[in-house]
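Please read them with the structure open.

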Amino acid sequence: MSYKVRDRLKIIGGKKLKGEVKVQTSKNATLPIMSASLLAEGKVYLKDCPDIIDVQNMAKILKKLGANIVRTQDDYLIDSSNIKDVCLDYDLCKTMRSSIFLLGSTLAKFQSICLTMPGGCKIGKRPIDIHIEAFRRLNVKVTQLDDFVFFNASKARAGKIRLKLPSVGATENIVQFACKLKGKTIIYNSAREPEVVDLCNFLNKMGAKIYGAGTKKITIIGVEKLQGVEYKPISDRIVLGTLLVATAICGGTIRLIDKNINQNKKLIEILALMGCQINIKNDIITLSRDVPLKSVQKICTGYYPNFPTDLQSMLMVLNCVANGQTRIEEQVFENRFLIVGELKKMGAKIDIVNNHTAIVSGVRQLKAGKLKAYDLRGGASLVLAGLVAKGETIIENVHYIDRGYCHIENMLKSLGADIERI
Ligand code: UD1
């Protein structure tokens, strides 16, 4: 399906949600896995990839590098055996923060690479100093000139790295780079996110020797060759979370079947405290909400297994219509309250204390309005606000939402929401 930059969403709020939907495959798992496919000496078959703009763009970047990519519905066959070009498409890289994930695999493959500072959401400064520092520890020469960063790995050697923050991207880059680097590389304070684990599982299936994924210490023993495999990335815990919060906001009942429900443990605890009835049995989660929502005192984001920053704005919207006051502490990014201005137009009561703290006081009802998305997750949260607001809401800049959600309107419409793309 194609997405258009000028698409908007029209939502008539007030409908309860009811039903069952399939949760899409994870964007944040699929993107680094697509990048790591470059390391295989055979063909990689990625199954059930999400039909979203970021994945489409990543496929375009790989194609421009010379990879042969065949897409059959949502499956991608990636053959990078004939890649000769080391030039990444700078315009495409600028549109997407995830282009930084190409650093590890392209550097392993070509020994030298030039990157532009990556683009993406406007949720914070998002520097790449941790990536650069980590590569330098492996004796990669890094030089910066204006907007360009040059990496030369001709003298690279395995080593020990301690990340100053458990950066997801830096962990994923080093893992990709080190799995073909002779010797033993150890990453201390590595990110523990499920998407990092999925990347490592994928690489191990290709023949890599990576140990400790999901813990704070990842060890990689370099191998000479990685082979092509068939793989299905994990489902998207942020989309699953979005669906649970949507039902909590609108009321109704949702049933989701997913193998990784426990990855949303923190969210589920908060939703239960706010008055949702939640039942988990094996791979099935059912959430109903038919009593008024109560605010939780505090929500604090953090690195996995803490509450994910990518769901923070959704809980902000939820608490806008709950009884009481909530303090939201955003500890991962420094500019993740971009939706506050839009929510205030809808009658929400939110005080921003500083870049990291906001206080939300619940109101009885949000009113519909003409809103603009400024980032991916914030955009999805505005959709949730529109679902509960009184009247007709129009959301512009839907292309931000399309970066991470497969036609969000179809998913919500199938649950009974009154929403359409115009
Ligand atoms: C990934 C996810 C994103 C999620 C984030 C945190 C993908 C495609 N994106 O982004 O959805 O919100 O993890 O869970 O997987 N930092 C530095 N220097 C660096 C790198 C990061 O200071 O070199 C800082 C960032 O500004 C941020 C924090 O570290 O404050 C975490 O960033 P990181 O974990 O690297 O996030 P991403 O990998 O970009």
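1. Asp129 has a relative accessible area of 33% and so counts as partly exposed; buried means under 20% relative accessible area, exposed over 50%, and partly exposed in between (1.4 Å probe, protein chains only). The side chain of Asp129 meets that of Lys164 in a salt bridge, 2.7 Å from N to O. A salt bridge here is a side-chain nitrogen of Lys or Arg within 4 Å of a carboxyl oxygen of Asp or Glu. Asp129 belongs to helix H5, while Lys164 sits in the loop between strand S9 (160-162) and helix H6 (168-178), so the pair ties together parts that are 35 residues apart in sequence. Lys164 itself is exposed, at 61% relative accessible area.

2. On the basis of what follows: this is a predicted model, in which local features need pLDDT of at least 70 and side-chain atom pairs count only at pLDDT 80 or more, while totals for chains, interfaces and linings use all residues. Residues are numbered from 1 along each chain as its sequence is written, and side-chain values use heavy atoms, with hydrogens and water left out. Helices (H or I, at least four residues) and strands (E, at least two) are DSSP runs, numbered from the N terminus.

3. How many salt bridges does the rule give? The count comes to 21 salt bridges. One of them joins Asp7 to Arg421, with the closest N and O atoms 2.7 Å apart. This pair links distant parts of the chain, 414 residues apart: Asp7 is in the segment before strand S1 (9-12), and Arg421 is in strand S23 (residues 418-421). Asp7 counts as buried, at 11% relative accessibility. Asp7 and Arg421 are also members of a network of salt bridges that takes in Asp402 and Glu409.

4. Another salt bridge is formed by Glu329 and Arg327, whose closest N and O atoms are 2.8 Å apart.

5. Next, helix packing. Two packed helices are described by the angle between their axes and the distance between the axes. Here axes are lines fitted to C-alpha atoms, for helices over the stretch in contact, and angles run from 0 to 180 degrees between N-to-C directions. Helix H8 (residues 237-250) packs against helix H12 (residues 376-388) at about 25°, with the axes 9 Å apart. That makes H8 roughly parallel to H12; angles under 35 degrees count as roughly parallel, over 145 as roughly antiparallel, 65 to 115 as roughly perpendicular and the rest as oblique. The H8 and H12 crossing is right-handed. A crossing is right-handed if the near helix is turned clockwise from the far one by less than a right angle, and left-handed if anticlockwise.

6. Helix H1 (residues 27-36) and helix H7 (residues 194-206) have axes that come within 9 Å and cross at roughly 30°. H1 and H7 are therefore roughly parallel to each other. H1 passes H7 in a right-handed crossing.

7. Some backbone details deserve a look. The peptide bond from Tyr304 to Pro305 is cis, with omega near 15°. Pro305 lies in the loop between strand S17 (298-300) and helix H10 (312-320).

8. Asn139 is not a glycine, yet its phi is positive, at about 65°. Asn139 lies in the loop between helix H5 (129-137) and S7, and is partly exposed at 29% relative accessibility. His407, also not a glycine, has a positive phi near 40°. His407 is placed in the loop between helix H13 (398-402) and helix H14 (408-413), and is buried, with a relative accessible area of 6%.

9. Which residues form the nonpolar patch on the surface? Leu145, Phe148 and Phe150 form it, with about 270 Å² of accessible area together. Patches are made of residues with over 30% relative accessible area and no salt bridge, like charges being joined within 9 Å and nonpolar side chains (Val, Leu, Ile, Met, Phe, Trp, Tyr) within 5 Å. Accessible areas come from the Shrake-Rupley method with a 1.4 Å probe, and for residues only the protein chains shown count as cover. Leu145 is in strand S7 (residues 141-145) and is exposed, at 52% relative accessible area.
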